[in-house]
Amino acid sequence: MAATSPLYNQLKDAEPFFLLAGPNVIESEEHILRMAKHIKHIATKVGLPLVFKSSFDKANRTSSKSFRGPGMAEGLKILEKVKVAYDLPIVTDVHEAYQCEEVGKVADIIQIPAFLCRQTDLLVAAAQTGKIINIKKGQFCAPSVMENSAEKIRLAGNPNVMVCERGTMFGYNDLIVDPRNFEWMREANCPVVADITHALQQPAGKKLEGGGVASGGLRELIPCIARTAVAVGVDGIFMEVHDDPLSAPVDGPTQWPLRHLEELLEELIAIAVILTFLVAGVVFIPLGVICLFASQGVVEIVDRYDTHCVPESSRANKVAYIQSEGDKMCNRTITVDIFFYVGYKYVSCHKTMKHPVYVYYQLENYYQNHRRYVKSRNDAQLRSPKEENDVQTCAPEDNVAGHPIVPCGLVAWSLFNDTYKFSRNSQELLVNKKDISWKSDRDSKFGKNVYSKNFQTGAPIGGGTLDPKKPLSEQEDLIVWMRTAALPIFRKLYGKIETDLNAGDTIMVLLENNYNTYSFNGEKKLVLSTTSWLGGRNDFLGVAYLTVGSICLFLAVTFSVLYLVKPRQLGDPSYLSWNRSPGG
């Protein structure tokens, strides 16, 4: 099957809908060009994708005396002039299979009339042109029929198909529109179009003075059907438009006046926007509440230790302390509590931390996304021992005395090296450091036969050391660290405590304060956290959903009230350009 065409993709993705519009039939070249110019101007102004519509032959007429149009040869010439003059795609209908090839040379969309929606030969011939095929649902058909009609187009090798609802017979001389059809017709798995003008036709329902009958229509109800279709959420609107419907030679009672087109489209767009805001609000607010509940269910303890773990006598020069030799062990005490800010004070709430309890280190004011820092590495060297001499991108941490450093670069050199040991009631709480990195990183980015060489052997020493006897794929602290953070405040996983921490437990932490964040006024924090189905504790997503949902709901209600209190009446002459005040 061929690929979908660019125009088909554009129409399918159009928001809030696309527009197929134009006069029912070609009356003259001058009239069609004038109509195309005005309709394009209006569609461009309101921001809707437009496909210009008109017919070269109205073969399905009530009376043999009815005007049919200029015929295929002349009609296609006129439509081609419209296409070239105004850069508009064209939609027109065919009635017999032999017409499809010639029509396909001009039209971008070939329309299948409602009475012919099941004609297999016609559908296949139209499909073989490769053009978009718009199939109108027969007035006598159930919406399920359109699934089969659309499938005939696809089986002929053409995926560019759409279906159109144009009403269902209700007695002898009337049509009704069942809004359920707009949804049921989606089973055809293609864009759904609403014909808001023919749907109000009254076939052979108008008696003529000299005898005989003609088709009538309920033009005044076109806005009603249009609002319904847009509210249901159709992909496109089909409508016939005329600058003087009362004198139109064909289907005048169901053609919409050109002078009222812009205001009708503006109203439909407003309805689509209101519904979009309403749906967004109704969906986002509950999502926000769910996300906030999930986040609030996470128990998290954060302990900042960078200042407390420097002796008071050395706090005047923390950099000198951290760069000095000697023991830098520090004891911290953590109680398993969570705190909520209520009014003007924190309220403590005891809650058990179910295992696994994740241990993170959090660094602040640390810019791992600095360009020179993040580029100072060689990923090929991490994967293969054959690349260990390739250290061109790793300066200044590229070699020691002419020997390559593995892993090279500033990222690896600055490896975090604070350590944590935990105990409860004088019993050690083991920290599991296995599988703390991404499996894809271990399997693909760090070689199983790559070992550290000359790492942290030359001055200055940046951070932690590596075990030269273990391959890089097993040194998970390094793997976690090498996945650089985008923001200056970040957490990285240190390990997991595989036992529950009960509410009110006192946890003793013996940490080694080795890592230098004092040179750049950074902060270090120890974080213990559980998780939920949403991940760790993060209220931002829930607050964002609630905020956006509330704004959308407010806008939907506001626009709805404005529309109900002061609607713009269709046909109100005060909105015409020559009746507006200079300031309006």
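Q: Which helix gives the largest share of the nonpolar patch?
A: That's helix α9, residues 261–296, which puts in 4 residues. Keep in mind that this is a predicted model.

Q: Ok, and which residues form the patch on the surface?
A: V279, V283, L287, I290, W533, L534 and L541. Together they have about 620 Å² of accessible area.

Q: Where does L541 lie?
A: In helix α16, which runs over residues 540–565.

Q: Where does UniProt place the "transmembrane region" feature?
A: The UniProt record, an unreviewed entry, puts that feature at residues 268–294 and 543–565.

Q: What does the chain look like over 268–294, helix or strand?
A: Residues 268–294 are 100% helix and 0% strand, with the end C-alpha atoms 39 Å apart.

Q: And how far apart are the end C-alpha atoms of 543–565?
A: 32 Å, and that span is also 100% helix with 0% strand.

Q: Zooming out, how many helices and strands are there in the protein?
A: 16 helices and 26 strands. The radius of gyration is 36 Å, while the globule rule gives 25 Å for 584 residues, so the protein is more spread out than a compact globule.

Q: What does the C-alpha trace span along its principal axes?
A: About 115 × 60 × 50 Å. As for burial, 46% of the 584 residues count as buried.

Q: Switching to sheets: what's the strand order in the open sheet of 5 strands?
A: β14-β26-β18-β24-β23, with antiparallel pairing. The edges are β14 (300–304) and β23 (431–432); each has a single partner strand, so one side of each is left without a neighbour in the sheet.

Q: How many bridges do β18 and β26 pair over?
A: 7 bridges, in the antiparallel sense. β18 covers residues 357–364 and β26 covers residues 523–529. For a spot to look at, V359 stands opposite L528 in β26.

Q: Now electrostatics. How many salt bridges does a search of the whole structure find?
A: 30. One of them is R34 with D243, where the closest N and O atoms are 2.7 Å apart. That pair links distant parts of the chain, 209 residues apart: R34 is in helix α2 (residues 29–46), and D243 is in the loop between β12 (236–242) and β13 (256–257).

Q: How accessible are R34 and D243?
A: R34 counts as partly exposed at 29% relative accessibility. D243 counts as partly exposed too, at 26%.

Q: What about D195, what does it form a salt bridge with?
A: With K136, and the closest N and O atoms are 2.6 Å apart. D195 is in strand β9 (residues 192–195) and K136 is in strand β5 (residues 132–136), so the pair ties together parts that are 59 residues apart in sequence.

Q: Is D195 buried or exposed? And K136, buried or exposed?
A: D195 is buried, with a relative accessible area of 2%. K136 is buried as well, at 5%.

Q: Which residue does E388 form a salt bridge with?
A: K453, with the closest N and O atoms 2.9 Å apart. E388 lies in the loop between α12 (379–383) and β19 (399–400), and K453 in the loop between α14 (439–445) and α15 (476–482), so parts 65 residues apart in sequence are tied together. K453 counts as partly exposed, at 40% relative accessibility.

Q: Which residues do salt bridges with shared partners join into one network?
A: E30, R34 and D243.

Terms used:
Residues numbered from 1 in each chain as written. Predicted model: local features only at pLDDT ≥ 70, side-chain atom pairs only at ≥ 80, totals over all residues. Heavy atoms only, no water. Pairing = 2+ DSSP bridges. Helix = DSSP H or I, 4+ residues; strand = E, 2+ residues; numbered from the N terminus. Patch = residues over 30% accessible without salt bridge, like charges linked within 9 Å, V, L, I, M, F, W, Y side chains within 5 Å. Areas by Shrake-Rupley, 256 points an atom, 1.4 Å probe, with all protein chains shown as cover. Salt bridge = Lys/Arg side-chain N within 4 Å of Asp/Glu carboxyl O. UniProt positions renumbered as here; feature names shortened; annotations may be inferred. Rg over C-alpha atoms; globule rule 2.2 N^0.38 Å. Buried < 20%, exposed > 50% of the residue type's maximum accessible area, 1.4 Å probe, protein only.
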